[in-house]
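Hello,

Here is the structure I promised to hand over. Please look it over first; my notes follow below.

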Amino acid sequence: MSQLPRLISILTLLKSRRVLTATELSDKFGVSIRTVYRDIQKLIEAGVPVMTLEGRGYTLMDGYTVAPVQFTEKEANALITAQHVVKKSKDASFVSDFGDALTKIKSVFRSSVLEKSELLNNKIHVFDHSFENISSNALSEIQLAITHFKYMEINYRKADDPNISFRKIEPCALFATYEKWILIAWCHLRKDYRAFRIDRIQHFKILHEQFEDRKFSIQEYFNSCPYDM
């Protein structure tokens, strides 16, 4: 990749992510760290407010905006395809929020790309292979609790158990399997990490109180305690 396309790509990445390290950019574009330093300096000289966070990486000054991104037809098709997959999710909040986001994204499609994406939209179907008709409407709120480190209180019912237990938890991470969303959280009742199926949470409340970040790593969790798929 020549320098100009790379500079545009770096700017797009900086706008889409909070912080990027020189190593990440070097690996992404297959160039040396020294080249990344020169690219960042070129952006700064061009008036782009790139800030260096000591020991963390690069970020853009808050409030800086760039021209709307233009999507290729293949990129638009990928989003349309993703929407069909998302619609099979058993969480209504996730389906709704994705739909709203995609509507905003489609507003910047070129007319020719929009026309083709609408054509493709009517030619895709994803079958539902779920054997359970249990749904949820909590994923979007739980995602906010994870990123804001907010305690949650839940009433939870295990499979094949009529009893409902009360738990105070620290939501840490999410994963999906068989169209079901699983919340990994530190459970104050069990004093350990536990996995909760979101569609089995009967009621939940997100507290204003924040918990201390335990630096949870979902990959380390799977390595030490793999979930039975």
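Start with how helix axes are treated here. Axes are lines fitted to C-alpha atoms, for helices over the stretch in contact, and angles run from 0 to 180 degrees between N-to-C directions. With that in hand, take H2 and H3. Their axes come within 9 Å and cross at roughly 105°. Angles of 65 to 115 degrees count as roughly perpendicular, so that is the term for H2 and H3. On the H2 side, the residues that meet H3 are Ala22, Thr23, Leu25 and Ser26. Their partners in H3 are Ile33, Val36, Tyr37 and Ile40.

Bear in mind that this is a predicted model.

The overall picture

The chain has 8 helices and 7 strands. Its C-alpha trace spans about 65 × 50 × 30 Å along the principal axes. There are 229 residues, and buried ones make up 34% of them.

Which residues of H2 are buried? The helix covers residues 22–29, and Ala22, Leu25, Ser26 and Phe29 are the buried ones. They cover an arc of only 100° around the axis, so they sit on the same side of H2. Asp27 and Lys28 are exposed on the other side. The cover over the buried residues includes H1, H3 and strand E2 (57–60). After H2 comes Gly30, with a positive phi near 65°.

H1 is the other helix to check against H2. Here the axes come within 12 Å and cross at roughly 130°. H1 and H2 are therefore oblique to each other. Their crossing is right-handed. H1 brings Arg6, Ser9, Ile10 and Leu13 to the contact. H2 brings Leu25, Lys28 and Phe29.

Leu25 is buried, and Leu25 takes part in the contact with H1 and in the one with H3. Lys28 is exposed, yet Lys28 is also part of the H1 contact.

Salt bridges

How many salt bridges are there? The count comes to 8.

Asp39 and Arg6 form a salt bridge, at 2.6 Å from N to O. Asp39 lies in helix H3 (residues 33–45) and Arg6 in helix H1 (residues 3–16), so the pair ties together parts that are 33 residues apart in sequence. Are these two buried or exposed? Asp39 is buried, at a relative accessible area of 1%. Arg6 is buried too, at 7%. Recall that Arg6 also belongs to the contact between H1 and H2.

Glu118 pairs with Lys106, and the closest N and O atoms are 2.7 Å apart. Glu118 is in helix H6 (residues 111–121) and Lys106 in helix H5 (residues 92–106), so this bridge links parts that are 12 residues apart in sequence. Glu118 is partly exposed, with 31% relative accessibility.

Glu170 meets Arg214 in a salt bridge, at 2.7 Å from N to O. Glu170 is in strand E4 (residues 164–177). Arg214 is in the loop between strand E7 (201–210) and helix H8 (218–224), so the pair ties together parts that are 44 residues apart in sequence. Glu170 is buried, with a relative accessible area of 3%. Arg214 is partly exposed, at 37%.

Leu120 is partly exposed, with a relative accessible area of 24%. Which residues does Leu120 touch, not counting those up to four places away in sequence? They are Asn77 and Thr81. Ser140 is 20 residues from Leu120 in sequence, and the two lie 28 Å apart in space, C-alpha to C-alpha.

That is the handover. Over to you.

Best regards

Methods:
Residues numbered from 1 in each chain as written. Predicted model: local features only at pLDDT ≥ 70, side-chain atom pairs only at ≥ 80, totals over all residues. Heavy atoms only, no water. Salt bridge = Lys/Arg side-chain N within 4 Å of Asp/Glu carboxyl O. Helix = DSSP H or I, 4+ residues; strand = E, 2+ residues; numbered from the N terminus. Buried < 20%, exposed > 50% of the residue type's maximum accessible area, 1.4 Å probe, protein only. Arc of directions from axis to C-beta. Contact = heavy atoms within 4.5 Å. Parallel < 35°, antiparallel > 145°, perpendicular 65-115°, else oblique. Left-handed = near helix turned anticlockwise from the far one by under 90°.
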